[in-house]
Amino acid sequence: MTNASGVFSSTVDSLEGWLDAGLKALIVKTATYKPRKGYDYPNAAVFNEGVVQAMGLPNPGYKKVALFVKEIKIKHPDIFVIASFAASDKKELQKMITFLGKYADALEFNISCPHAEGLGSSVGYDFKLLGELCKAGKEYCEKPFGLKMPYYPTDKMLKSCIRASESADFYTIINSVGKAMVLGKKFGLSNRLGGLSGSAIKPLAIGQVYRTRGFTNKFIFGCGGIVDRNDVAEFLKAGANAIQLGSGINRYPTKKDFVNETKAGFNHILDDYFEKQGKEVWE
Ligand SMILES: Cc1cc2nc3c(=O)[nH]c(=O)nc-3n(C[C@H](O)[C@H](O)[C@H](O)COP(=O)(O)O)c2cc1C
């Protein structure tokens, strides 16, 4: 169980907050080759079913991010730290993997951010480029190497991603779903469009975990709309090996409350409610 990249993961302090709450593994905010300022405020809109946000991958660049991965590993050597990165250029990707890989225990390639032009889902939906980058990346990566997938609405797309990433050791399924919009005085984002996270995307995320499990035995982190123990049990039942905690934190007073509740999902027996629900709806 880890946090999800981008959610309280941009500083050593915020990551240590997850450790204090009981996590034993962490994922760091996605790093890019050059520093990025991100989009102006307002950049997130929270509503009942979730969050629409367009942060724009703000980060100080991979060299600085690697140094704070190093700091965490020195302070907490037993914690498994995953560095997330986004790239669309082979040479930049190899430099980032080499440097981040010196300190992190594993690397997560973000091919799914829906609102960073030329990065994220621009790579995840371009299977030729994805194949070239995964191949080049793995050559330079001595640590476990995974992909953070976007939502793929068709199996053809999902299989293309899996084929293009033969070298991947794990998948994280899924990132926020673009291109979402919320309107109104309280809500408008400076970027207008953003990625949808939270309960609203949980059925898509669980569906994609289930579909992916049908095509591969690789390790899967389920992510998307996890709020409570029942959500965790659903992801595990659909085929995930582990889970990542994201915007569900908005529903809890503290990270500890969120972690304690969701941790219980690993021993939580789901009612066989799928069959029940099917009968209620279709009979
Ligand atoms: C404020 C915010 C920032 C995010 N930043 C990143 C990021 O930098 N890298 C990434 O891979 N995903 C990022 N995400 C996506 C989350 O990691 C996660 O995949 C998504 O929110 C779905 O999970 P959830 O519904 O549990 O929040 C971000 C999400 C939010 C809400």
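This is a predicted model: local features need pLDDT of at least 70, side-chain atom pairs count only at pLDDT 80 or more; totals for chains, interfaces and linings use all residues.
Residues are numbered from 1 along each chain as its sequence is written. Helices (H or I, at least four residues) and strands (E, at least two) are DSSP runs, numbered from the N terminus.

Start with a pair of helices. Two packed helices are described by the angle between their axes and the distance between the axes. Helix 3 covers residues 90–103, and helix 5 covers residues 127–140. They pack at an angle of about 35°, and their axes are 9 Å apart. Here axes are lines fitted to C-alpha atoms, for helices over the stretch in contact, and angles run from 0 to 180 degrees between N-to-C directions. The crossing of helix 3 and helix 5 is right-handed. A crossing is right-handed if the near helix is turned clockwise from the far one by less than a right angle, and left-handed if anticlockwise.

Which residues of helix 3 and helix 5 meet? Helix 3 brings K90, L93, Q94, I97 and T98, and helix 5 brings E132, L133, A136, G137 and Y140. Two residues are in contact if their C-beta atoms, placed from the backbone, lie within 7 Å. Sorted by class, the contact of helix 3 with helix 5 has five nonpolar, three polar and two charged residues. Ala, Val, Leu, Ile, Met, Phe, Trp, Tyr, Cys and Pro count as nonpolar, Asp, Glu, Lys and Arg as charged, and the others, Gly among them, as polar.

Now move to helix 6, residues 155–164. Its buried residues are L158, C161 and A164. Seen down the axis of helix 6, these buried residues fall within an arc of 130°, so they line one face of the helix. The arc is that of the directions from the helix axis to the C-beta atoms. On the other side of helix 6, D155, K156 and R163 are exposed. A residue is buried if 20 or more other C-beta atoms lie within 10 Å of its own, exposed if 12 or fewer, and partly exposed in between; the C-beta atoms are placed from the backbone. The buried residues of helix 6 pack against helix 4, helix 5, strand 7 (145–149) and helix 7.

Follow the chain into the loop between helix 6 and strand 8, where A168 is found. Is A168 buried or exposed? A168 counts as buried because it has 22 C-beta neighbours inside 10 Å. Leaving aside neighbours within four places in sequence, A168 is in contact with C134, F145, G146, L147 and K218. A168 and E108 are 60 residues apart along the chain, yet their C-alpha atoms are separated by 9.6 Å.

Helix 7 comes next, with twelve residues (202–213). At 1.5 Å a residue, helix 7 should span 16 Å, and its end C-alpha atoms are 16 Å apart, which agrees. The expected span is 1.5 Å times one less than the number of residues. In helix 7, K202, A205, I206, Q208, V209 and T212 are buried. They cover an arc of only 160° around the axis, which puts them on the same side of helix 7. These buried residues pack against helix 6, strand 8 (170–173), strand 11 (219–222) and helix 8 (229–238).

Helix 8 has its own buried residues: D231, V232, A233, E234 and F235. They pack against helix 7, strand 11, strand 12 (242–245) and helix 9 (255–263). G239 follows helix 8 and has a positive phi, near 125°.

Finally, look at some backbone details. Most residues other than glycine have a negative phi, and most peptide bonds are trans. L57 has a positive phi, near 50°. L57 lies in the loop between strand 4 (50–53) and helix 2. L57 is buried, with 22 other C-beta atoms within 10 Å. R192 also has a positive phi, near 65°. R192 sits in the loop between strand 9 and strand 10 (194–197). R192 is partly exposed, because 13 other C-beta atoms lie within 10 Å.

Where are the cis peptide bonds described here? One runs from Y41 to P42, with omega near -10°. P42 is in the loop between strand 2 (25–27) and strand 3 (44–47). Another runs from I173 to I174, with omega near 15°. I174 lies in the loop between strand 8 and strand 9 (177–180).
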